[in-house]
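This report describes the architecture of one protein chain.

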Amino acid sequence: MKVYHPQDIFNIAVVGHGGEGKTTLVEAMLYDSGATERMGRVEDGNTVTDYDGEEIKRQISIGLALAPVEWKNKKINLIDAPGYFDFEGEAVAAYELCDSALIVLSANGTVPVGAQKAYDYCSRHAIPRAFLVNQVDKEHADYVKTVAALGTKYTSSITAVQMPIVKDGKFEGIVDIIGMKAYLFDGQNVKEADIPAECSADAEGLRETLVENAAGNDEELMEKFFDGQELSTDDILKGLRAGILQGNIAPVFVSAAAPNAGVRELMDEIIALMPNAAEMPGTEALDASGNSVTLKIDTSAPFTAHVLKTIADPFVGKLSIIKIVQGTLKSDMSITNANTGKPEKCSGLGIMRGKKLINIGELEAGDIGAVAKLQHTATGDTLCSTSCVVKFPPLAFPEPCICLAVGAKKKGEEEKVFSGLHRLEDEDPTFKLVKDTETGDMLANGMGEMHLEVINNKLKSKFNVEGELHDPRIPYREAIKKAVKAQGKHKKQSGGHGQYGDVWIEFSPVPDGLADFVFEDKIVGGVVPRQYIPAVEKGLKESIQKGVLAGYPVVGLKCTLYDGSYHTVDSSEMAFKVAANLAFKKGIAEANPILLEPIMKVVVTIPDEYMGDIIGDLNRRRGRILGMNPEGGLQEVTAEVPLSELFKYATDLRSMTQARGTFKQTFERYEEVPAQMAGKIIEQAKKDMEE
């Protein structure tokens, strides 16, 4: 592939809901452009961009994949992004790589959630966007109804530039609304014709909207329009391009990707209407002094690039996917990582087409490439020339919302499992591996159950080791409800020195749980010598790590040492530590011990129509609703819910709200577990201790 200049490069993220034909569309574009010799099918597991074993097995996209195509002396860098919400982090990286987005949806008369979320993301981040109404060849497909649904949702920005010609359920051609011409499919060829009579009324109506929207983005065109003058094709293209770049217009294209109909015409429209890399506004960065600077796409400026994805390949090693913002990157060029301050060597420069790395000598600003085996570089880092060190702001990936414990399936393979997971952590910023120091669990945090299952399966396919996922252990606590006094006496006689320690301790709850542990010394008259009192405190601190009910740490406990006795020869620090432990076990057992569970503060953000379902579900989870608050056109429900009820909440919330709902949780406090539940937890804990 030759080197392309910024004005000839189009970086387009193909986004939208899962199952709408995004990967099939990319496959058709690869085939039509001559990049591949045959068109693969998702069902056959042989597409270019769904190459991972998990993608082939599940028949869905899991990671973003790149597919550069050459079309009429232009380069279109297609970024095939997953539509399933468990892999939202990959979509974020796709948006960062692209200059515009193609939102794909089926012609079924509705706007699916994935398309809505894609549009909202583009709108928030000022990314030019277009819609593609795909699968118009399907039975009951309704293009006009789908465009009307888009128009209702997004008002004046929706501008159809194509419409399908469908006869007896067969997709036979496309009407170009700009030129008011029909293009009829004739086997592998397309022939230009007049618009069929049955389509002309709809086409005229769509053209009126198109001309008005195009004129609205240019003062000169607006004057012409209001003066009643006819806008030329060039005028319309000028107005549309300006509106698309500003985000005021979202053009609507049409295709049937599976039978490869309308895909060539789509690529023509992309290079005619969508912005190229040179037209994009500058990217914000920080210079060496921390001042904000704007970097424009410029091949003559010092080299700067943003690392937006890392691929962990067990054979090739690490591949860093980069978007070049300034300058030119050449193979074997020495560069600097602005985040680590360490030098890097660009020894393996190329472009990715699916899993294939195509070596290339150089890439210019505005292009997307891949660099192999960078030693000190991670996703989000900035690569630059030593003469101009700048740093891009950190990437805002979504926070993980589900957590499962992970371990090795086979004993002795823990190190291999965790080593592999750390490699996958480098590849996927929405996956985080954290050790729970209290329970000892290694916690896998991700975007959903499917996300974590895929990560676990990748362990086997990439690193030949098997992990196992299960619910994490809950960090329960124990406490007491009444004050008691207990004696702990340790007396042991053997040859030589014996062991003797004797203490009386009062155990009582700390008022309002103001502290986890309080020790008070009330010894009078030296009945316990001063040198042994720290040993008593130490013995109690060690004892509270394991309560008498189920072995969980004891909190909110005040221990008052008020009496005891000693032996001049046989007493020792160890003897008093043991005595303190004996007093603890006896006293806590008599002080009405209870089990406490962690309570989380949960903030759920949902559209109005799901309010009743969400509140009912939170109540079933033993939650307490604290309040409701309108927030940005949505409703925010705040509640307190036990942690034990929240492990699979991300999946359930997604299901209840058609993926429109989100939530955040933070630890609030500990509360007593209801008696009927406490019995089961204690019983299970005792079984686990016996095993």
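Is Ala659 buried or exposed? Ala659 is buried, its relative accessible area being 5%. The model considered here is a predicted one, and Ala659 is placed in it within the loop that runs between helix H15 (649–656) and strand S37 (662–672).

Most residues other than glycine have a negative phi. Ala659, although not a glycine, has a positive phi of about 70°. Ala126 is likewise not a glycine and has a positive phi of about 55°. This residue, Ala126, lies in the loop between H4 and strand S5 (129–134). With a relative accessibility of 59%, Ala126 counts as exposed, because the cut-off for that class is over 50%. Ala659, at 5%, is by contrast buried.

**The chain as a whole**

The chain contains 16 helices and 37 strands. Its C-alpha trace spans about 110 × 60 × 50 Å along the principal axes. Of the 691 residues in the chain, 54% are buried. Among contacts with a separation of 6 or more, 71% are between residues 24 or more positions apart.

How many of the eleven residues of helix H9 are buried? Eight of the eleven are, so this helix, which covers residues 263–273, is largely enclosed by the rest of the structure. The buried residues of H9 are Val263, Glu265, Leu266, Met267, Glu269, Ile270, Ile271 and Leu273.

| Helix pair | Angle | Axis separation |
|---|---|---|
| H1 (residues 22–32) and H9 | about 85° | 9 Å |
| H8 (residues 233–246) and H9 | about 80° | 9 Å |

H8 is therefore roughly perpendicular to H9, since angles of 65 to 115 degrees fall in that class. On the H8 side, Leu237, Leu240, Arg241 and Ile244 meet Ile271, Ala272 and Leu273 of H9. The residues of this contact of H8 with H9 comprise six nonpolar, no polar and one charged.

H1 and H9 pack at about 85°, and these two helices are therefore also roughly perpendicular to each other. H1 contributes Leu25, Ala28, Met29 and Asp32 to the contact, while H9 contributes Val263, Arg264, Leu266, Met267 and Ile270. By class, seven residues of the contact of H1 with H9 are nonpolar, none is polar and two are charged.

**Aromatic pairs and charges over rings**

A pair of aromatic rings is described by the distance of the centres and the angle of the planes. The structure holds eleven aromatic pairs. One of them is the stacked pair of Tyr95 and Tyr121, with 4.3 Å from centre to centre and 15° between the planes. This pair links distant parts of the chain, 26 residues apart: Tyr95 belongs to helix H3 (residues 88–97) and Tyr121 to helix H4 (residues 113–124). Tyr95 is buried, at a relative accessible area of 8%, and Tyr121 is buried as well, at 13%.

Tyr532 and Phe576 form another stacked pair, at 4.9 Å centre to centre and with 15° between the planes. Here too, distant parts of the chain are linked: Tyr532 sits in the loop between strand S32 (517–521) and helix H12 (533–543), whereas Phe576 is in helix H13 (residues 573–590), 44 residues apart. Both Tyr532 and Phe576 are buried.

Ring pairs also join Tyr119, Phe131 and Tyr154 into a cluster. Over the face of Tyr119 lies Arg129, at 5.1 Å from the ring centre. Elsewhere, Lys117 lies over the face of Phe85, at 4.4 Å from the ring centre.

**The surroundings of Ile335**

Which residues does Ile335 touch, not counting residues up to four places away in sequence? Ile335 is placed in strand S17 (residues 333–337), and its partners are Phe303, Leu329, Lys342, Pro343, Glu344, Cys346, Leu383 and Cys384. With a relative accessibility of 1%, Ile335 counts as buried, because burial requires a value under 20%. A separation of 10.0 Å is found between the C-alpha atoms of Ile335 and Val389, which are 54 residues apart along the chain.

Note on methods:
Residues are numbered from 1 along each chain as its sequence is written. This is a predicted model: local features need pLDDT of at least 70, side-chain atom pairs count only at pLDDT 80 or more; totals for chains, interfaces and linings use all residues. Side-chain values use heavy atoms; hydrogens and water are left out. Buried means under 20% relative accessible area, exposed over 50%, partly exposed in between (1.4 Å probe, protein chains only). Helices (H or I, at least four residues) and strands (E, at least two) are DSSP runs, numbered from the N terminus. Contact means heavy atoms within 4.5 Å. Rings of Phe, Tyr and Trp (its six-membered ring) pair if their centres lie within 6.5 Å; planes under 30 degrees apart count as stacked, over 60 as edge-to-face and the rest as tilted. A charge sits over a ring if NZ of Lys or CZ of Arg is within 6 Å of the ring centre and within 35 degrees of the ring normal. Axes are lines fitted to C-alpha atoms, for helices over the stretch in contact, and angles run from 0 to 180 degrees between N-to-C directions. Angles under 35 degrees count as roughly parallel, over 145 as roughly antiparallel, 65 to 115 as roughly perpendicular and the rest as oblique. Ala, Val, Leu, Ile, Met, Phe, Trp, Tyr, Cys and Pro count as nonpolar, Asp, Glu, Lys and Arg as charged, and the others, Gly among them, as polar.
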